[in-house]
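User: Hello! I am new to this structure, and I would like a close look at its salt bridges and at what surrounds them. Could you walk me through that part?

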Amino acid sequence: MEILDFIEKEQLQQIQDLFSTTTGIAVCIIDRDGNHITRDSNVKDFCKKYNKGSDLGSKRCHKSEVEGKGVYYCHAGLLDFTADIVVDGEKIGAIVGGQVLPQEPDIDKFRRLAMELSIDPDVYIESLKQVPVKTEQFIRSSAELMELMINMMINQEYKLYKDQSKIEVMDKEIGITTQNVNQIEVMVRDLTKVSRKQNILALNASIEAARAGEAGRGFNIVAGEMEKLSSMATEKYAAIIAKAGEIDESLKRINTEFAKGNTESDLL
């Protein structure tokens with residue numbers, strides 16, 4: 001099961017972009033293997049270009065991402081977060097983001113960090129100015145909101161996807177059953193024709209037996225029984241055709257109701 005099996009990437013991107021624009025928090029959505037599903041929203045050069053752009057910074061960032069759970073501090077002192085996307089108890093991806101300062105930065109501290117990472121301190125500090133400052137509570141609440149929104153939306157789309165799959169299977173099975181009913185009707189009509197011919201043969205046999213007199217008496221009894229059986233068979237065949245017709249009508253009603261329910265789901 002993959003996220004994009006049942007939800008459009010554009011839907012996720014729209015929610016993600018709105019969230020990021022509203023909160024100032026960088027965010028993206030990844031699959032279970034860590035591959036990006038959406039484009040990064042509101043990613044800062046401070047993190048992407050400078051911290052991850054240096055060898056040491058990239059190693060430290062990777063270590064923070066691997067070890068970080070929930071809302072956590074990265075190696076540079078920014079708050080980041082990760083939240084699982086879970087469907088039917090199975091983790092199928094994650095929301096990752098952050099790149100926000102929980103308080104006004106200590107400039108001297110970041111200058112020292114820049115020198116550790118072999119980055120021009122003035123350039124590093126200038127990029128730091130683009131990083132938003134939010135309270136830790138705001139960041140945690142925003143991360144929880146994003147987790148709730150994305151999981152609710154994806155699980156709802158998954159439910160609709162499953163319902164649609166069931167409807168498609170039902171439509172297919174109804175089609176097969178309808179074909180079988182039609183074939184039964186054709187075969188029964190053929191048997192009815194055979195039964196009528198048997199009835200005619202039995203009648204002719206009775207006439208010939210009557211002409212034969214006493215010698216044809218036993219044969220006349222057999223011919224009479226054949227006629228009775230033929231008549232009974234014709235009645236049963238007629239009953240089968242009637243039942244097949246009822247089944248066909250029932251299947252048509254089921255198909256109509258499913259189609260109606262599917263349309264109503266689409267409108268919702």
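Predicted model: local features only at pLDDT ≥ 70, side-chain atom pairs only at ≥ 80, totals over all residues.

Analyst: A salt bridge here is a side-chain nitrogen of Lys or Arg within 4 Å of a carboxyl oxygen of Asp or Glu. Side chains of opposite charge can pair when their charged atoms come close. By this rule, the count is nine salt bridges.

Residues are numbered from 1 along each chain as its sequence is written, and side-chain values use heavy atoms, with hydrogens and water left out.

Let us start with arginine 32 and glutamate 2, whose side chains form a salt bridge at 3.6 Å, N to O. Arginine 32 sits in the loop between strand S1 (26-31) and helix H2 (45-51), and glutamate 2 in the segment before helix H1 (9-23), so the pair ties together parts that are 30 residues apart in sequence. Helices (H or I, at least four residues) and strands (E, at least two) are DSSP runs, numbered from the N terminus. Glu2 and Arg32 also belong to a network of salt bridges that links them with Glu90.

How accessible are these two side chains? Buried means under 20% relative accessible area, exposed over 50%, and partly exposed in between (1.4 Å probe, protein chains only). Arginine 32 is partly exposed at 32%, and glutamate 2 is partly exposed at 35%.

Next comes the pair of arginine 140 and glutamate 136, joined by a salt bridge at 2.9 Å, N to O. Both lie in helix H6 (residues 136-212), four residues apart, about one turn of the helix. Arginine 140 is partly exposed at 31% relative accessibility, as is glutamate 136 at 28%.

Glutamate 126 and lysine 129 form another salt bridge, at 3.4 Å, N to O. Here glutamate 126 is partly exposed, with a relative accessible area of 44%, whereas lysine 129 is exposed at 57%.

Finally, a look at the nonpolar side. A nonpolar core is a set of buried Ala, Val, Leu, Ile, Met, Phe, Trp, Tyr and Cys residues joined through side-chain atoms within 4.5 Å. The largest one has 25 residues, and Ile3, Leu12, Ile85, Ile95, Ile150 and Ile154 touch the most other members. Helix H6 gives the largest share of this core, seven residues. Apart from it lies another core, of 16 residues, including Cys47, Ile119, Ile125 and Val131.
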